[in-house]
Amino acid sequence: MNATFAQSPSIEAAVDDMALRADPVVAKLETSGFRDQWRAVAGLGVLGDRQPPGQQETGELGPVTRAVTAIEGIGRAGAPAGLCYAMASQWFGLQFPLRDVLSGQAWSDLGAVANGEVLLCHALTEEGGGSDPLAMETRADRLDDGGFVLTGRKAYVTAAPVADIALVFARTSPGAHPFALSPFLVDLAAPGVSRSSPFPKTALVDAPMGALDFDEVRLPANSMVGEEGAGLALLTATTTWERGLLLSYALGPMRRVLDRTIAWATSRQHFGRRMGASHLVAGRISDMALALLRCRRLLYGMAERLDRGVRTNQLTVDAALTKISIAEDYLSFTRHAAALGGVRAFIEESGLTADLADPMAASTYAGPNDLLRVSVARGLGLPVQN
Ligand SMILES: Cc1cc2nc3c(=O)[nH]c(=O)nc-3n(C[C@H](O)[C@H](O)[C@H](O)COP(=O)(O)OP(=O)(O)OC[C@H]3O[C@@H](n4cnc5c(N)ncnc54)[C@H](O)[C@@H]3O)c2cc1C
C-alpha cells in the first residue's frame, strides 16, 4: 500500500524492524499465559532502552520515540491488543516517569524490569471510583521507625493479578488537600498483600485486571517515592505520560484492521461490482486512514517533545487533548471497520472482527474524557472545577 501517513524514515524503519522481529515470537504466543507472553515480547527489547544485537540502526531516535515504535511494531506483528496495552501502560505510565524521580540505585533495586522478569502495575483506582483521587481511602500510617503501615484496597488495576511491584497511591494525611497523598513502591509478595483473580472483562481481554488488598502491610521508609505528600505531583506526571502516549498501543491494531478492511473492500463483490467501487465505502476507508494519520502524528509528536526534554508539567493540556482525540478517532475508526465488515465484524476468527469495547474503554482509562475536557478548559483559563 502507498502509505500516506508515514513519519520520518527512521521511525518507519524502526516500526518495520520491530514488526519483523516480533512476527515469529507473536506467532507462538497464543498458547502461552500472560507472563510468558510478556517475557517473550519483552525479550525483543520492547521495554528496554538498549537495543538488542541485530536490531536495525535507530540511533537517531530518542528513547521515547523508540518506545512508541516498539509498541507500534509489536501491534503490527499481531501481538494481542491487551498485551500491547499493558506494555504501553508499564512503559509510559511507570517506567519513564519513575526513572525521572528515582535515583539510579532505587531504579535498579526494582530488578529486571526491561527484560520482562519484573512486572509493574499502577494502583490508583478504588472500588468507590477513580476520577477523584483525593477521595481515596487506602492509607499509609507512619511508624516510629520511619516506615509505614499500608491498609486498603485498590481495584481495576491492569496486571494486578500477575504483577511483582505496584506503585500505590495512598493517603498519608486526612482531607482533600493537594498534599494528602503519597506514592509507594510495594512488593506484592510482602506479608499482608493479597490479590484477586483476574476480573472477567469485555475490553482488552488479554490483559489481566484485578484488585489488590493491603492488610496492615509494613513498608520500609525507602518505599516512599519522593517526599511525603508528593502523590498528586507524581500522579500528574504518570497520567500525563499515559495520556500522551498510552494509546500508541492502538496504532498496530489499527493498521492491521485498515489493511484487512481494504483487502476485503477490494475483493468483495456487491451489486455486480467490487464493494470498494462504492463511493460510500471509499469514503469510510479514507476516514479510517485519516484517523490513523492523526493518531500517529499526535503520538509521535508527543514522543518527540518528551525526547526534546519538554517537562510533563508543560504538557498536561496537550496530553489530555492527545488522549481525547485519539480515543475518539480510534472509536470512529472501529465503527467504520464494523460497518464495512458486515456480520463478520462480530464473528471471531473472521479476520474482520471489529472490537468496539477496546476503543470505548479508551474514553475511561487514564482519566475519563469528560473530565479531561473539563481540565483542558481549566488549563485554558476557564473558571471550571470538577
Ligand atoms: C482498560 C482499563 C484499564 C485500567 N487500568 C487501571 C490501572 O492500571 N490502574 C488503576 O488504578 N486504574 C485503572 N483503570 C481504572 C481507571 O483509571 C478508572 O476507570 C478511571 O480513573 C475512572 O474512574 P471510574 O471508572 O471509577 O469512573 P468514575 O469516577 O465513576 O466516573 C464515571 C463517569 O462519570 C462522569 N463524571 C464523573 N464526575 C464528573 C465530572 N465532575 N464532570 C464530568 N463528568 C463526570 C464521567 O463521564 C466519568 O467517565 C483502568 C480502567 C480501564 C477501563
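## Where the ligand sits

Domain 2 (120–231) and domain 3 (235–379) both give residues to the shell around the ligand, so the ligand lies between them; the bounds of these domains come from an automatic or database domain assignment. This is a predicted model, in which local features need pLDDT of at least 70 and side-chain atom pairs count only at pLDDT 80 or more, while totals for chains, interfaces and linings use all residues. Residues are numbered from 1 along each chain as its sequence is written, and side-chain values use heavy atoms, with hydrogens and water left out.

## The shell around the ligand

There are 19 residues around the ligand, and those that come nearest are His 122, Thr 125, Ser 131, Thr 158 and Asn 386; a residue is near a molecule or strand if one of its heavy atoms lies within 4 Å of it. By type, the shell divides into 10 nonpolar residues, eight polar ones and one charged residue. In this grouping Ala, Val, Leu, Ile, Met, Phe, Trp, Tyr, Cys and Pro count as nonpolar, Asp, Glu, Lys and Arg count as charged, and the others, Gly among them, count as polar.

At least two residues of the shell come from each of β1 (120–123), β3 (148–158) and α11 (369–379), and β3 gives the most, with three residues. These labels refer to DSSP runs numbered from the N terminus, where a helix (H or I) has at least four residues and a strand (E) has at least two.

For Thr 125, a polar side-chain atom lies 2.6 Å from a nitrogen atom of the ligand. For Asp 370, an N or O atom in the side chain is 3.2 Å from an oxygen atom of the ligand. Tyr 156 takes part through its backbone, where an N or O atom lies 3.2 Å from a nitrogen atom of the ligand. Taken alone, the ligand exposes 970 Å², and the protein buries 67% of that; accessible areas come from the Shrake-Rupley method with a 1.4 Å probe, and for residues only the protein chains shown count as cover.

## The chain as a whole

The chain holds 11 helices and nine strands. A compact globule of 386 residues would have a radius of gyration near 21 Å, and the chain has 21 Å, which agrees; this radius is taken over C-alpha atoms, and the globule rule is 2.2 Å times the number of residues to the power 0.38. Along the principal axes, the C-alpha atoms fill a box of roughly 80 × 50 × 40 Å.

Of the 386 residues, 53% are buried, where buried means under 20% relative accessible area, exposed means over 50%, and partly exposed lies in between (1.4 Å probe, protein chains only).

Helix α9 covers residues 316–341 and includes Ala 339, which is partly exposed, with a relative accessible area of 44%. Although Ala 339 and Val 281 are 58 residues apart along the chain, their C-alpha atoms are separated by 9.3 Å.

Thr 334 also has its place in helix α9, and at 6% relative accessibility Thr 334 counts as buried. A polar atom of the Thr 334 side chain lies 2.7 Å from the backbone oxygen of Tyr 330.

## Residues in strands

The phi angle of Tyr 156 is near 60°, a positive value in a residue other than glycine. Glu 216, in strand β7 (residues 209–219), has a phi near 50°, which is also a positive value in a residue other than glycine, and at 57% relative accessibility Glu 216 counts as exposed.

Ile 165 lies in strand β4 (residues 165–171) and, at 13% relative accessibility, counts as buried. From C-alpha to C-alpha, Ile 165 and Leu 188 are 5.4 Å apart in space, while in sequence they are 23 residues apart.

How values were computed: A polar contact is a pair of N or O atoms within 3.5 Å; within protein, one must be able to donate a hydrogen and the other to accept it, and residues adjacent in sequence count only if both atoms are side-chain atoms.
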